Structures are given as C-alpha cells and as structure tokens.
Amino acid sequence: MAYVDEFVVAVPEKSIADYKKLARKAGKIWLEHGALEYVECIADDVPVGKVTSFPRAVKLKEDEVVAFSWIVYKSRADRDAVLKKVMADPRLPKDMSQMPFDAKRLIYGGFKTIVEM
C-alpha cells in the first residue's frame, strides 16, 4: 500500500501567491524524483474547534489561512529514497526562513495507508 506525507501550516494571506509558486516548483521536483502525487490545498471551510482544530493546531493568526498538503509514494522505502533526493535538490530553498510561512508552526508526518479505495 502507498505511503503518505502530510503537512499543515499557517500561511499569511499576503503570501498565498508566493506559497502557490513555491508549491508548484516543489511539486514538480517531488514528482521528478519519484513521488506519485503532490497536492496543496488552502482552507475553505475549516472552523475553529472548541478543543482542537486545524486553526488551533497551527496557532492561526487573523491574517492567515491554513494550508494542507500531501505527497503520495509507493512505499515508506520509496518515500525515504525520494525525500533524500528532494532534500539534496539545489532548486529548493535550504533555509526555512526563506519560506512564505512560519516553519516553526509546520505540522508534518508520514502515514502508512491502511485503506485504499
């Protein structure tokens, strides 16, 4: 079954165009190095929960929006190999301060697929 990396981050509304530009570039690089799918989304219907929610998870500020993304791979081993190539690719910024979002509030992780339909 596939393996999936998922990401949630707060993006300043004024930086959405820069975020989209970076996402398009990153997506091409990930796919070039072997990822099966690369998807970036901006929140459209994401309420603030009483206990937990996407906005609470990223400590969303008034002038920000939640971005959610995922990358699909053949397997965990394939993901590890692809990620190694991506991280070495000189076309991506190495300094997280160059990102159009606050990298300190980035939530990410790898997930084993348990159901595919």
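A residue is called buried under 20% relative accessible area, exposed over 50% and partly exposed in between, with a 1.4 Å probe and protein chains only. By this scale Val115 is exposed, with a relative accessible area of 59%. The model is a predicted one, in which local features need pLDDT of at least 70 and side-chain atom pairs count only at pLDDT 80 or more, while totals for chains, interfaces and linings use all residues. Residues are numbered from 1 along each chain as its sequence is written, and side-chain values use heavy atoms, with hydrogens and water left out.

**Salt bridges**

Side chains of opposite charge can pair when their charged atoms come close. With a salt bridge taken as a side-chain nitrogen of Lys or Arg within 4 Å of a carboxyl oxygen of Asp or Glu, the whole structure contains 7 salt bridges.

| Pair | N to O distance |
|---|---|
| Arg79 and Asp5 | 3.0 Å |
| Arg105 and Glu64 | 2.6 Å |
| Arg105 and Asp102 | 3.1 Å |

Helices (H or I, at least four residues) and strands (E, at least two) are DSSP runs, numbered from the N terminus. In the salt bridge between Arg79 and Asp5, Arg79 belongs to helix H3 (residues 76-88) and Asp5 to strand S1 (residues 3-12), so that distant parts of the chain, 74 residues apart, are linked. Arg79 and Asp5 are both buried, and they also belong to a network of salt bridges that includes Arg76 and Asp80.

Arg105 takes part in two of the tabulated pairs, with Glu64 and with Asp102. In the salt bridge of Arg105 with Glu64, Arg105 sits in the loop between H3 and strand S4 (107-112) and Glu64 in strand S3 (residues 64-73), so the contact ties together parts that are 41 residues apart in sequence. Glu64 is buried, as is Arg105, the latter having a relative accessibility of 13%. Asp102, by contrast, is partly exposed, with a relative accessible area of 27%.

**Aromatic pairs**

A pair of aromatic rings is described by the distance of the centres and the angle of the planes. Rings of Phe, Tyr and Trp (its six-membered ring) pair if their centres lie within 6.5 Å, and planes under 30 degrees apart count as stacked, over 60 as edge-to-face and the rest as tilted. The structure holds 4 aromatic pairs by this rule. In one of them, Tyr19 and Phe101 have ring centres 5.9 Å apart and planes at 75°, and the pair is therefore edge-to-face. Because Tyr19 lies in helix H1 (residues 16-32) and Phe101 in the loop between H3 and S4, this pair joins parts that are 82 residues apart in sequence. Tyr19 is buried at a relative accessible area of 8%, and Phe101 counts as buried at 14% relative accessibility. Elsewhere, Phe54, Phe68 and Trp70 form one aromatic cluster.

**The largest pocket**

On a 1 Å grid over the protein atoms alone, a cavity is a set of points where a 1.4 Å probe fits but cannot get out, whereas a pocket is an open set with protein on both sides within 12 Å along at least five of seven lines, and lining residues have an atom within 4 Å of a point. Grid points are joined across faces, edges and corners, and a volume is the space filled by probe spheres set on the points. The largest pocket holds about 640 Å³ of space. Its lining consists of 26 residues, of which Phe7, Trp30, Met87, Met99 and Leu106 lie nearest the centre. At least two lining residues come from each of S1, H1, strand S2 (37-42), S3, H3 and S4, and H1 gives the most, with 5 residues.

**Separations along the chain and in space**

Lys14, in the loop between S1 and H1, counts as exposed at 76% relative accessibility; Lys14 and Val65 are 51 residues apart in sequence and 9.9 Å apart in space, C-alpha to C-alpha. Pro12, found in strand S1, counts as buried at 17% relative accessibility, and 25 Å separates the C-alpha atoms of Pro12 and Met87, which are 75 residues apart along the chain. Asp44 lies in the loop between S2 and helix H2 (54-57) and counts as exposed at 78% relative accessibility.
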